[in-house]
Every structure is written in structure tokens, then in C-alpha cells.
Amino acid sequence: MKYITTTLCFCFVFFLMAFTLVHQSAFKQTHIKAFPATQKILVKDTTITDVEFLFDYPDDIKEADKKAFVKKIKKGKILYNINCAKCHTTTVNNKQVIPDFSLPQLMDYEIRFQYPEHQEDLKETNITVEELDMIVDFLRYKKKN
Amino acid sequence: MKKFYVAILLTGLIFITLASFRHQNNAESYSRFYFEKLNGFKESQAELLKFISLCDLSKQQDIKKVKMQINDLRLHLKGMDFWLRYLEPVMYKKINGPLPVEWETEVFEKFEKPYKREGAGVSLATLYLDEENINRDSLSHLIESSLNAMQTFAADSITKELKNYHHFFLANRLFLLNLASIYTTGFECPDTERIVPELRFMLKRVNETYQVFNESFPNTALKKEYHLLYEKMIDFTDQQPIEFSGFDHFNFIKNYVNPLFALNQQMIAEYKVYSKSYMDYTLNKNANTIFNKALYSGQNTKGIFLRVKDEKALAEIDHLGKLLFYDPILSGNNLRSCASCHKPSEYFTDTTLTTSYQFNNKDFLPRNSPSLINSIYNHLIMLDGKHISLQQQSKDVITNATELGSEETAVMNKIMSCNEYKEGFEKLLALTPQETEITFEHIISAITFHYGKFSNYTAPFDDAINENKALPSSVKEGFNIFMSKAQCGTCHFVPQFNGVKPPYVSSEFEVLGVPEDTGYKKLSDDKGRYNVSPSGEMLHAFRTGSIRNALYTKPYMHNGIFTTLEEVVDFYDAGGGVGKGLKITNQTLSADSLHLSADEKIKLISFIESLNENIPFEEKPHHLPTSTDSKLINRKVGGTY
């Protein structure tokens with residue numbers, strides 16, 4: 001009986017491994033995460049210029065364009081809250097945390113269809129080209145967590 | 001009791017093992033089928049290259065043999081087109097590009113700048129063989145480029161898609177849309193005698209793909225109903241005359257392609273098919289007919305109000321938009337409105353002038369005022385495609401010195417001086433929480449939302465396809481001529497009959513050789529798309545417009561040079577500007593005569609008239625909002641010129 005149990009255990013482990021290997025690709029196909037782990041962007045010269053959130057200016061921004069930039073990313077944050085927060089914002093220690101996204105994840109129009117969840121949510125009938133641009137800039141230049 | 005547990009455990013293990021291997025084998029057989037086709041196509045290309053290197057291209061006999069081999073190669077391609085065109089559309093141009101150099105098509109144009117791509121492959125090789133002094137290297141290059149492109153289609157990043165069922169239904173959707181608008185029109189088949197034979201071959205090869213897919217993915221197989229109808233379509237096509245001009249496009253689309261499309265859409269919904277490709281980006285999962293006006297989305301008419309769903313709020317936006325459309329307050333001199341050039345009573349165009357007046361009310365604009373109806377089904381706006389949204393276009397017109405001659409701040413101040421506008425937009429402000437005050441964007445969005453609604457209506461031709469309503473036989477014959485002998489369908493694509501072809505992410509631009517005058521003394525000097533994308537190929541190119549409502553939207557062409565549909569048909573029949581004797585090196589329209597008979601022209605125009613939409617136009621407003629500014633008190637509804 002002991003031998004049978006041992007053999008069965010081996011069989012079970014063996015089949016479990018085989019099953020996992022065989023189905024690995026299938027799992028990947030059906031359990032795609034909205035966004036995988038992000039890479040933190042290095043932020044230089046972060047300044048508090050707005051009461052609502054911390055952000056950084058683009059390296060090459062001209063002084064004259066700063067006001068418009070701030071206005072743009074403020075709108076970006078509001079639009080993020082309307083369109084994206086329900087899936088992406090998490091609560092940690094009773095605080096709302098907007099995740100950091102890597103630059104490749106914020107790739108322009110490809111965001112709209114790279115992830116199955118975005119196919120409907122990020123259609124142009126839900127977010128305009130200009131609005132998506134504002135959201136991307138907000139996420140790109142907000143202070144990283 | 002122990003034995004019982006052991007038995008359960010063993011049964012479970014056997015079940016898991018069988019399930020695992022069954023899954024693996026099936027997915028593999030589908031992939032193997034793909035690779036068999038891919039390798040067969042590659043071998044045929046290699047053989048053709050070898051033959052080209054050995055033959056004498058100065059002899060007609062050898063050229064004929066090369067042509068025959070290319071024809072065989074085209075059949076190989078037809079067996080694979082189902083996958084290739086969907087899986088990697090840009091690389092596909094190397095295998096079957098319709099033009100040697102392209103700047104526009106297949107570019108996801110709202111987001112990518114036009115860039116130069118060189119086409120290659122079987123269609124261009126066929127065309128090249130008709131030229132004088134064939135160069136061996138040039139011919140080989142067209143096939144070598146195609147052969148090299150095949151590597152992409154064998155790459156893991158592409159073939160991993162074959163391991164799940166999702167791509168299949170999306171590729172099939174594209175295949176069906178192309179059956180309606182590309183494969184049957186000769187768009188990329190230079191030898192018109194081969195269109196029907198290639199179509200027959202292709203339908204049978206795709207049926208084989210269907211069978212292999214069903215065996216590989218039994219849980220998400222094509223429905224029996226689909227198979228039965230598809231086989232009927234094969235029979236129908238086999239019974240059709242071999243001559244391209246005799247093919248019954250109307251019944252092919254109505255009785256087979258369109259119902260198959262509907263079934264495929266049902267399966268996309270039922271199997272929860274998802275896409276990660278821009279090829280599906282604009283297509284509507286809920287459209288169950290190709291002739292649903294919502295088949296694909298081109299423009300967002302709501303602008304900044306795009307998330308507003310409340311009917312009452314939408315009615316208010318529409319009301320304000322209508323008032324603004326007729327209000328000369330948008331112009332610098334308070335005398336011109338949108339309705340001055342886009343008259344709602346004339347299908348939102350101006351049928352009385354060749355080109356509209358400039359702001360100075362003396363000179364004329366260089367281009368004909370286009371109808372706003374169905375402009376929402378374009379990705380690029382204006383005849384040169386310089387804007388990516390209706391809102392951008394509206395802003396440009398208002399601030400353009402030769403059109404409405406105004407500027408943003410002045411317009412905002414004037415509008416806010418009218419209580420009806422001010423209060424109306426203030427109520428709507430809460431619907432756009434990202435904005436703290438009323439902006440130019442709100443004003444523009446109300447206007448585009450108002451006129452955009454007139455594009456949602458169908459024509460008798462749509463109703464005949466969608467609802468089986470009666471259509472005169474002359475119209476059906478006219479449609480068949482449109483799709484075959486007259487070659488209209490190769491630029492005015494089903495279903496919008498504009499330049500947006502499947503997968504409906506970009507517009508086509510064409511050089512037609514439109515003259516400056518009807519005596520054909522000179523080519524129109526408007527550079528068209530060249531002003532936006534300065535390349536030799538784009539000189540005098542214009543975005544292909546829709547022919548819907550054409551009867552009511554004269555005059556025609558970018559400069560309004562023709563006043564009747566008969567003149568337009570005659571222009572195309574003669575081979576455009578080149579056919580009429582003008583010297584144009586980059587004309588994309590064939591310079592050969594179409595040899596249309598008088599009866600064929602009449603039927604063609606009957607079909608075009610069946611695309612007149614049943615639009616419930618509205619009366620103009622009785623009054624405009626009162627302003628506190630005394631200079632704005634006497635504004636006239638619609639403006640004065």
C-alpha cells in the first residue's frame with residue numbers, strides 16, 4: 001500500500017507539472033493582466049507646484065509653456081479619475097494610489113487596443129485623442145509612488 | 001474506502017492527462033496547417049525567382065511563362081490571404097501591394113504621420129510584366145521582397161495568435177468585409193479575367209481553413225448554420241459567369257456575404273472574442289449588417305460631450321448646436337454662418353456655386369463646399385485630410401481669414417453676451433468636469449453634434465440589403481457595373497462608398513487629373529494632399545469622397561468643375577485627366593477608357609441615385625439668441641452671404 005501511495009504521489013506531481021506546462025500558454029492568453037508590473041521612471045527636480053498632486057515638468061519645457069502644461073495635466077488627472085481609476089487606482093492604507101506606469105505602457109494610441117479591456121473602454125467614442133493625450137501626460141509626469 | 005479514493009485520484013489524473021494532450025494536439029494541427037500553406041507559398045516564390053533568373057525576358061514566350069507562374073503564385077496567396085492580411089497588414093503590402101509607393105493606406109492615420117512604404121509582390125509583378133523593356137532585377141526585386149516578408153509571418157510574435165481562437169473570428173470578419181469590397185472588385189487583381197476564378201479558388205481554400213479550425217477548436221467552432229450558408233455561397237459563385245462584368249455583386253453581398261457577416265458577429269459576441277490589433281479598432285461588435293451606418297466609427301461628433309448619454313442633455317446640446325450653426329456670430333463680421341456654405345436645405349452643401357465666396361464676399365474659395373452629411377465616416381477631414389477631427393476642422397473654418405474670419409476669444413465673448421447661449425452652456429458645464437469654465441471646445445462640440453446626426457440615415461439601397469425591400473432591377477445592374485466594369489468600387493468602397501476600405505482605419509487619396517476647366521486645357525493647380533504630405537505621389541491627390549446623396553450635392557470634384565453626374569461618369573469613362581489628354585505623371589486612376597455604353601451609364605447613375613438617403617431635415621430656427629451687445633442685435637438666421 002505504501003508503494004502504491006508513493007507511486008501515486010509521484011504520478012500526481014508528474015501530471016501536475018505536465019498539465020501546467022501544457023496549459024501555460026493558455027493561461028497566459030486568458031489571464032492577461034491589465035498592466036504588468038511597472039518600471040519606475042527617475043524623476044529629476046520634483047517641485048510642489050500644485051496643491052492637488054506632485055509632478056515634474058518635461059525636461060525641454062519652456063517657461064512660457066508651463067502654465068498651459070499644468071492646466072493640461074490637471075485636466076488629465078480628472079479625466080484619469082473618470083475613465084481609468086475604477087480599474088487602476090488601488091487603496092493602500094486607506095489612501096488612494098494611482099499606479100506608476102512605464103513609458104512603453106503609455107505608448108500613444110496603442111494604449112487603446114493593446115489590452116483587451118481597453119478595446120471598448122478606450123474607444124474614441126469614450127475618450128478623444130486630446131483627452132487621452134492629457135491622461136498620458138498626467139501619468140507620465142506625476143510624481144512616482 | 002482507501003481504494004475508493006485511489007480510484008477517484010486515478011480517474012482524475014487520466015482525465016487531466018487526456019484533456020491536456022487533446023488541447024495541445026488540436027491547436028498544433030491548426031498551426032501546422034498554417035505553416036504548410038506558408039511554406040508552400042515560399043517554395044513557389046523561390047521557384048519563380050529561379051525561373052526569372054534563367055529565362056529571357058526579351059522574349060514574349062518567356063514573359064508569358066512568367067505570367068503563368070505568377071498566376072499560380074496568386075492562387076497560393078489566395079489560400080493564405082485570410083491570415084496574412086489580418087495578422088500583419090503593413091508587411092502584407094510587400095506580398096500584395098497595389099501601388100509601388102504608398103503614403104496613406106493602412107496607416108492608422110489619426111495617430112501616425114504619413115510615411116513612405118514601398119509595395120511589392122504578385123500584383124505589382126503582374127503589372128510590371130506589361131511594361132516595355134522589362135528589367136530582370138526589378139522583377140526579381142518584387143518577388144524577393146515578398147519572399148523576405150514571409151519571415152515575418154513565421155515569427156513567434158505572429159504565429160502565437162494561432163494558438164487561440166480569437167484571431168480567427170476577427171480575421172474572418174475582415175475576410176467577409178473584403179469579399180464585399182476588395183476581392184470581388186479587382187482592387188488588387190490587375191487581370192480582370194482572373195477575378196472570378198481567383199474568388200472561386202479562394203472561397204474553397206478558406207472553407208478548408210474553416211474545417212481545420214473547427215477540428216482544432218471544437219468548443220468555439222463555426223456554427224453549422226454558417227457552414228451551410230458558406231457552402232451555398234461557393235455554389236453561387238461557381239454558377240456565376242466567369243466574366244468579371246457578369247458577376248452578380250448585389251445578390252452575392254445581400255444573400256451570402258452580409259448574412260455570413262451577421263453570423264460571424266454573433267459568434268464574436270458569443271465566444272467573447274477580443275482583439276489586440278488596431279485592425280479591429282474602429283469596427284463595431286454590435287453591427288449585424290455591413291450596411292449598418294454604425295459599422296465602423298470614423299468621427300466622434302459629440303466632441304467634449306462624448307460621455308454624455310442623458311437624452312435631455314443631448315437634446316439641449318443639439319438645440320444650442322443648431323442655433324450656432326445658423327448664427328453669423330461665429331464670423332468676424334457677424335454676417336456669415338456655417339449654414340452660409342453648408343446649406344441644410346441642400347444636403348449641407350451649396351449647390352448653387354462652383355466654389356463658395358471668401359470672407360470678403362468678393363473672391364471665391366479654391367474648393368467646392370463639401371456636404372457635411374456622412375463626413376463622420378472619414379478619419380481625416382477635408383479633401384486634403386489636414387484635420388483628424390470634426391472639431392479641429394470647425395475651429396479652423398471659424399478662425400480662417402478667408403472663411404469665417406474670426407478668432408477664438410472674440411467668438412467666446414460674443415457668444416457669452418447672449419443669455420440663451422450662456423445659460424445653456426452653463427447648465428451643460430457640469431457634464432464636463434475637467435473644465436472649470438465654458439470653452440471654445442464646448443461651442444464647437446455642440447455644432448458638430450448637431451450636424452452629425454444627419455449622417456445616421458439610410459438609403460433605398462441599404463434598405464434593400466438590410467430589410468429585403470424592393471429595388472428596381474436597373475439599380476441592381478447599375479451596382480454590378482459600379483463594382484465591375486466601371487471600376488468605381490475599387491476606390492468608393494462598400495458600404496459608405498467613400499475612400500475608407502476594410503478594416504476602416506484609413507482613407508484613400510487619389511490623383512484623378514481633374515481639370516481647371518471643362519475644355520481640359522489645364523490640370524487644376526490645387527496641390528491637394530501634397531500641402532499636408534509633400535511627396536511626389538501626393539501631388540494633386542484628394543481624399544475619395546462618398547457618393548451617397550450625390551444627386552443632391554452638385555457640383556462635383558474638388559473644384560466643382562462638373563455640374564451633372566453624367567459629366568462625372570464621362571470623365572471617369574474617358575480615363576480621367578490623362579485619358580482626356582492632360583499630362584500627369586502620377587495619376588492613380590487608370591488612363592484607359594472604361595468603354596461604358598450609354599445604357600450602362602444610365603444604370604450606373606440609377607444605382608448612385610439609390611444612395612440618396614431618407615434624411616428628415618429640419619426647419620431653420622425662427623430666431624437667434626439676443627445679445628447684450630448692440631452690434632449683434634441685427635444678426636440674420638443663416639447669415640447674409
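Of the 145 residues of chain A, 17% count as buried, a residue being buried if 20 or more other C-beta atoms lie within 10 Å of its own, exposed if 12 or fewer, and partly exposed in between, with C-beta atoms placed from the backbone. The model is predicted: local features need pLDDT of at least 70 and side-chain atom pairs count only at pLDDT 80 or more, whereas totals for chains, interfaces and linings use all residues. Residues are numbered from 1 along each chain as its sequence is written, and chains are lettered from A and ligands numbered from 1 in the order in which they are written.

Chain A contains 6 helices and 2 strands, defined as DSSP runs numbered from the N terminus (helices, H or I, at least four residues; strands, E, at least two). Along the sequence these elements follow the order α-α-α-β-β-α-α-α. Contacts in chain A with a separation of 6 or more are formed, to 73%, by residues 24 or more positions apart; two residues are in contact if their C-beta atoms, placed from the backbone, lie within 7 Å.

Chain B comprises 21 helices and 4 strands. Its radius of gyration is 28 Å, close to the 26 Å that the globule rule gives for 641 residues, so chain B is as compact as a globular protein of that length. The radius is taken over C-alpha atoms, and the globule rule is 2.2 Å times the number of residues to the power 0.38. The C-alpha trace of chain B spans about 90 × 85 × 45 Å along its principal axes. Among the 641 residues of chain B, 46% are classed as buried. Of the contacts in chain B with a separation of 6 or more, 72% join residues 24 or more positions apart.

Several backbone features were identified in loops of chain B. Most residues other than glycine have a negative phi, and most peptide bonds are trans. The peptide bond from Pro502(B) to Pro503(B) is cis, with omega near 5 degrees, and Pro503(B) lies in the loop between α18 (473-483) and β3 (509-510). Lys554(B) and Pro555(B) are likewise joined by a cis peptide bond, with omega about -5 degrees. Pro555(B) belongs to the loop between β4 (542-543) and α19 (565-573), and Met557(B) is also found between β4 and α19. Phi of Met557(B) is positive, near 75 degrees; this residue is partly exposed, with 19 other C-beta atoms within 10 Å. Asn334(B), in the loop between α11 (311-326) and α12 (338-341), has a positive phi near 60 degrees. Asn334(B) is buried, with 22 other C-beta atoms within 10 Å.
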